[in-house]
Amino acid sequence: MTPQTDHTPDQKPKQKIDRKTDIKELTPDRLTRWLVDRGLPPYRAKQILGWVYLRQVDDFVSMTNLGKADRVLLADHFSIDRLLIKDMEISADGTRKYLFELADGHRIETVLIPEKDHYTLCISSQVGCALGCRFCLTAQGGFQRNLTQGEILAQVRDILRVIDPEDARRLTNLVFMGMGEPLANYENLIRALGIITQGDYGLKFSPRRVTVSTSGLIPEIGRLGNDSDVNLAVSLNAADNPTRDRLMPINRKYPIEALLAACRRYPLKPRRRITFEYILIEGVNDDPECAHRLAKRLQSIRCKINLIAFNPHAGGDFRRPNEAAIQQFRDVLVYHNYTTVIRYSKGLDISAACGQLNAKLRGEAAKWEATEADRLRS
Ligand code: SF4
């Protein structure tokens, strides 16, 4: 954003905001067309995007393989924006939660999760979410807006820049499991994925290491399989419709049978599997009978199952099952020959668990955290 003064000597200065287009909002094709329309060769687009994503420059002056006139032309029309980091918290387990402020003042969170031999970055796709899952803190704030292509990309590009270079080298995995339903922001998601997985001038992530997680938007699941090579994860959380209706209102539109039929149609590459996420909630979906039902439902789908024990939060009446119930649920699925992993949510002390981002921005959550800390201490 470039503030300019626009006034005559006898007038009070008026501020004129001249906002250029962030170049990250352009697809490679659109940038190529823009350049060609101005008489520049199409190969310049790849050079420019290489500077933006690979070399991470913040201005056009640094693009030394471009002529001076071309650099001035680009600077006249475009900016290379970064998001404002308003806050960063580090959990006891090393998880880092970044709070970014967007140009319009909205805030989103992006979480960097240390794994055994790499880092995973959990990205947001919307400000808030409209889908209203009962176990989700993001849902409580309602939906504000979709993130743009550039805002999705900025989360990855900016984190790569601010973390230690060795950590950046080990950041190999991306998951779209932050705020929002990524498939409800389909066009921007697909454009961002194109740059994220672009190997010559993009962010160079292997599609095998990028996962899009959905609550089950069936038409977009079909499109994703055709438009990209990334992994699909489905937040299932129940094996029967009445329970899933209760937990995830989207199930009333796309019930389990139709959702799993879409998963069966998903064009899986060799040696790939769909991940089903299942948040275990005490007394709701955690008894062994649910596990048997789930095993039956998923028959003939090449998949693995991630079990996540619910992390209680403010404003919710759900509870986390005890360890024995979690193990028993897993044992049933293993008995049915499913690869099943119990995922212990990282960053619980900073509310960075799935569906629980941005809690600190809400007073009731902060209050609840204080009460909960007292409870744990006593
Ligand atoms: Fe939206 Fe995901 Fe939360 Fe459901 S769990 S409300 S889809 S952010």
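Two residues are said to be in contact here when heavy atoms of one lie within 4.5 Å of heavy atoms of the other. In the structure described below, which is a predicted model, this definition applies to the pair of helices H12 and H13, where Pro-288, Cys-290, Ala-291, His-292, Leu-294 and Ala-295 of H12 meet Gln-328, Phe-329, Val-332 and Leu-333 of H13. When sorted by class, the residues of this contact comprise eight nonpolar and two polar ones, with no charged residue among them.

Two packed helices are described by the angle between their axes and the distance between the axes. For helix H12, which spans residues 288–297, and helix H13, which spans residues 323–335, the axes come within 9 Å and cross at roughly 30°. Because angles under 35 degrees count as roughly parallel, H12 is described as roughly parallel to H13. The crossing of these two helices, H12 and H13, is right-handed.

A second pair is formed by helix H5, covering residues 149–162, and helix H7, covering residues 186–196, whose axes come within 8 Å and cross at roughly 40°. At this angle H5 is oblique to H7, and the crossing of H5 and H7 is right-handed. On the side of H5, the contact is made by Gln-149, Ile-152, Leu-153 and Val-156, while H7 contributes Asn-188, Leu-189, Arg-191, Ala-192, Ile-195 and Ile-196. The contact of H5 with H7 contains seven nonpolar residues, two polar residues and one charged residue.

The contact involves Pro-28, Leu-31, Thr-32 and Leu-35 of H1, together with Arg-44, Ala-45, Ile-48 and Leu-49 of H2. By class, the contact of H1 with H2 divides into six nonpolar residues, one polar residue and one charged residue.

Leu-174 has Val-210 in S12 as its bridge partner.

The model also contains a ligand, and the residues around the ligand are Cys-129, Gly-132, Cys-133, Phe-135, Cys-136, Ala-139, Gly-180 and Ser-215. By class, the shell around the ligand consists of five nonpolar and three polar residues, and no charged residue belongs to this shell.

Methods: Residues are numbered from 1 along each chain as its sequence is written. This is a predicted model: local features need pLDDT of at least 70, side-chain atom pairs count only at pLDDT 80 or more; totals for chains, interfaces and linings use all residues. Side-chain values use heavy atoms; hydrogens and water are left out. Axes are lines fitted to C-alpha atoms, for helices over the stretch in contact, and angles run from 0 to 180 degrees between N-to-C directions. Helices (H or I, at least four residues) and strands (E, at least two) are DSSP runs, numbered from the N terminus. Angles under 35 degrees count as roughly parallel, over 145 as roughly antiparallel, 65 to 115 as roughly perpendicular and the rest as oblique. A crossing is left-handed if the near helix is turned anticlockwise from the far one by less than a right angle, and right-handed if clockwise. Ala, Val, Leu, Ile, Met, Phe, Trp, Tyr, Cys and Pro count as nonpolar, Asp, Glu, Lys and Arg as charged, and the others, Gly among them, as polar. A residue is near a molecule or strand if one of its heavy atoms lies within 4 Å of it. Two strands pair if DSSP finds at least two bridges between them.
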